[in-house]
Amino acid sequence: MVRLRWNFARSLQARLALGYSLIIAALLVLMNTYPVLMTENLMFRSRQTALQNEAALVINTLTTAEELTPETVEQAVAGLDGLDAQRILVTDEMGLALYDTGEEKRVGQYVLAGEIVSAIQGNDAFSSFYQDGVFVSSAASPVMNRSTVVGAVFLYEENSTQGLLLRELQHNLRLISVVVCLAVLALFGVFSIGLTRRVNALLGGIRTVREGEYTHRITMAGHDELGQLADEFNQLTRRLQSTEEERRRFVSDASHELKTPLASIKLMTDSILQDENIDRDTAREFVADIGEAADRLIHISQELLALNRLDEGRQVNQEAVVMKAAVDKVLRMLSPLAEEAGVTLETKLEDGLLAACGQEDMNQILRNLMENAIKYNVPGGQVMVSVFRRGDSVCLEVSDTGVGIPEEDMPRIFERFYRVDKARSRAAGGTGLGLSIVRDTVHLHGGEISVQAREEAGVCFSVTLPAWKEGQP
Ligand code: ADP
């Protein structure tokens, strides 16, 4: 298992944690201030209405008196009951206190508090503040007589009941904030542990595969983005594994193919060198065999080079290939081989068919398919080549009455070095690379190739290539 160096400060989680913490902190600050301020405001307003109503009540009683004197005021106010205000102070129009229920008893003194001055000037005044759980409010209103200010009423109140309510609200909000913080922390912890475990599984998997362990797969529960990432990763690894296996098989097959002719060259040169009295004819025979083995090596390396060029994705040079001429040319070239094998060649070619392909590539495709059809045939057998048009494609079919291909080998015959009958292929000079070259060449030109068993005997290879369009670059 690969060890992971994990740095929280640089991790995605740290950034997420910071982001969420900021958002939650902002929400909590808002939650702890806005409702409190709103409630405070409401309470100020309720105190204002209550005190101003009480002031109106006092003023109403005072208007029954002819003149405001300490006696008349005391007489009028004494009859009032159930007022919330803890202090009632009445002054004349100059601010001289005529009546005061406060502890200081300011009767006979000028009381020029801000609210009273404002009331003497004919305005209602109110002030309130909240401190240590108590709402302290005061209100003053003018006493009018025939549109003239004749005095002022000042009320003072300390209300702790509503202060208590506000305190409780603050306390509850703080409690809720702590619970929310703890819940968010716990949730983030659980989420964070799960996320870290899954991200680590992914990172560990990637590093294991990077070190060449292509069989490693990640098991991850869930279908979220990380689950999908793990699925994609596993598919990629499967692909890497099969590519790696293919590469190893190819290297081993190629070395094996090269080893056989090299071993026979070595054996024959040793025999010539060790036998000092070797006669001329035997020596010539050995040298001829060495030449044959060298030819085989050249053939294999040519095919390997051709495959390599196709793998590298060489540039596609397309031209209008006249199919009839191309088939005829290969037919003439392979006639001696067919004659030797006792196989007859037949063609059915539509005139004027042009395929979009390279001249040399088309030659390669035809030569490989037709040579196979002769090589894997039986004496007295036949090879039929037909070319026809279907829609926008040119179709080429090479069928034979030969030994055929077993059903289970069909899907593999286009693989490199794959041969159904190794001995027969080698004896016929085959390398097992021909069909891979054909398939890659056909694909390079945007075509398709397939193979089917024929009902009677043998097989039929079908190639479709794009037809040449007039004016095509
Ligand atoms: P080879 O050089 O061995 O011919 P190919 O790649 O051309 O290699 O073909 C792969 C294998 O497919 C051959 O070894 C042979 O077993 C089989 N094969 C190809 N063409 C035919 C055919 N027309 N009839 C029967 N078997 C065939």
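Predicted model: local features only at pLDDT ≥ 70, side-chain atom pairs only at ≥ 80, totals over all residues.
**Entry: aromatic pairs**

I searched the whole structure for aromatic pairs and got 5. One of them joins Phe44 and Phe135. Their centres lie 5.4 Å apart, and the planes make 85°, so by the cut-off of over 60 degrees the pair counts as edge-to-face. I then checked where the two rings sit in the chain. Phe44 belongs to helix H1 (residues 12-62), while Phe135 belongs to strand S4 (residues 134-145). They are 91 residues apart, and the pair links distant parts of the chain.

Phe135 has another ring partner, Tyr130. That pair is tilted, with 4.8 Å centre to centre and 45° between the planes. Taken together, ring pairs make a cluster of Phe44, Tyr130 and Phe135.

**Entry: the antiparallel sheet**

Next I followed S4 into its sheet. This is an open sheet of 5 strands, in the order S2-S1-S5-S4-S3, and its pairing is antiparallel. Which strands stand at the edges? I found strand S2 (97-100) and strand S3 (125-131) there. Each has a single partner strand, so one side of each has no neighbour in the sheet. From one strand to the next, the twist averages 15°.

I went through the pairings one at a time.

- Strand S1 (residues 87-92) pairs with S2 over 3 bridges, in the antiparallel sense. Val90 stands opposite Tyr99 in S2.
- S3 and S4 run antiparallel and are joined by 7 bridges. Gln131 faces Val134 of S4 as its opposite residue.
- S4 and S5 also run antiparallel, with 11 bridges joining them. Ser138 has Tyr156 in S5 as its bridge partner.

I checked the turns next. The hairpin of S3 and S4 has 2 residues between the strands, and Asp132 there takes a positive phi near 45°. The hairpin of S4 and S5 has 2 residues between its strands, and in this one Arg146 takes a positive phi near 45°.

**Entry: what covers this sheet**

I looked for helices on the sheet. H1 lies across S1, S3, S4 and strand S5 (148-159), and it runs at about 35° to S4. Helix H4 (residues 160-210) packs on the sheet as well, touching S3, S4 and S5. The direction of H4 makes about 45° with that of S5.

Is S4 enclosed or open? I found 9 of its 12 residues buried, so S4 is largely enclosed by the rest of the structure.

**Entry: the mixed sheet**

I moved on to another open sheet of 5 strands. Its order is S7-S9-S10-S12-S11, and its pairing is mixed. Strand S7 (344-349) and S11 are the edge strands, each pairing on one side only. Neighbouring strands here are turned by 15° against each other on average, direction ignored.

I checked one pairing inside it. S9 and S10 run antiparallel, with 8 bridges between them. Met384 has Ser399 in S10 as its bridge partner.

Helices pack here too. H7 lies across S7, S9 and S10, at about 175° to S7. H8 touches S7, S9, S10, S11 and S12, and its direction makes about 25° with that of S10.

**Entry: nonpolar cores**

I then asked which residues touch the most other members of the largest nonpolar core. They are Met362, Leu369, Leu396 and Phe461, in a core of 40 residues. Several elements give two or more residues to this core, among them helix H7 (323-341), helix H8 (359-375), strand S9 (382-390) and strand S10 (393-400). Helix H10 (434-444) and strand S12 (459-466) are also included.

I listed the contacts of Leu396, leaving out residues up to four places away in sequence. Leu396 touches, among others, Ile365, Leu366, Leu369, Val385, Val387, Phe461 and Val463.

A second, separate core has 18 residues, including Val77, Ile88, Tyr99 and Leu155.

**Entry: a charge over a ring**

Last, I looked at Phe250. Arg416 lies over the face of this ring, at 5.7 Å from its centre.

How values were computed: Residues numbered from 1 in each chain as written. Heavy atoms only, no water. Core = buried A, V, L, I, M, F, W, Y, C linked by side-chain atoms within 4.5 Å. Buried < 20%, exposed > 50% of the residue type's maximum accessible area, 1.4 Å probe, protein only. Helix = DSSP H or I, 4+ residues; strand = E, 2+ residues; numbered from the N terminus. Contact = heavy atoms within 4.5 Å. Phe/Tyr/Trp six-rings, centres within 6.5 Å; stacked < 30°, edge-to-face > 60°. Lys NZ or Arg CZ within 6 Å of the ring centre and 35° of its normal. Pairing = 2+ DSSP bridges. Axes fitted to C-alpha atoms, helices over the stretch in contact; angles between N-to-C directions.
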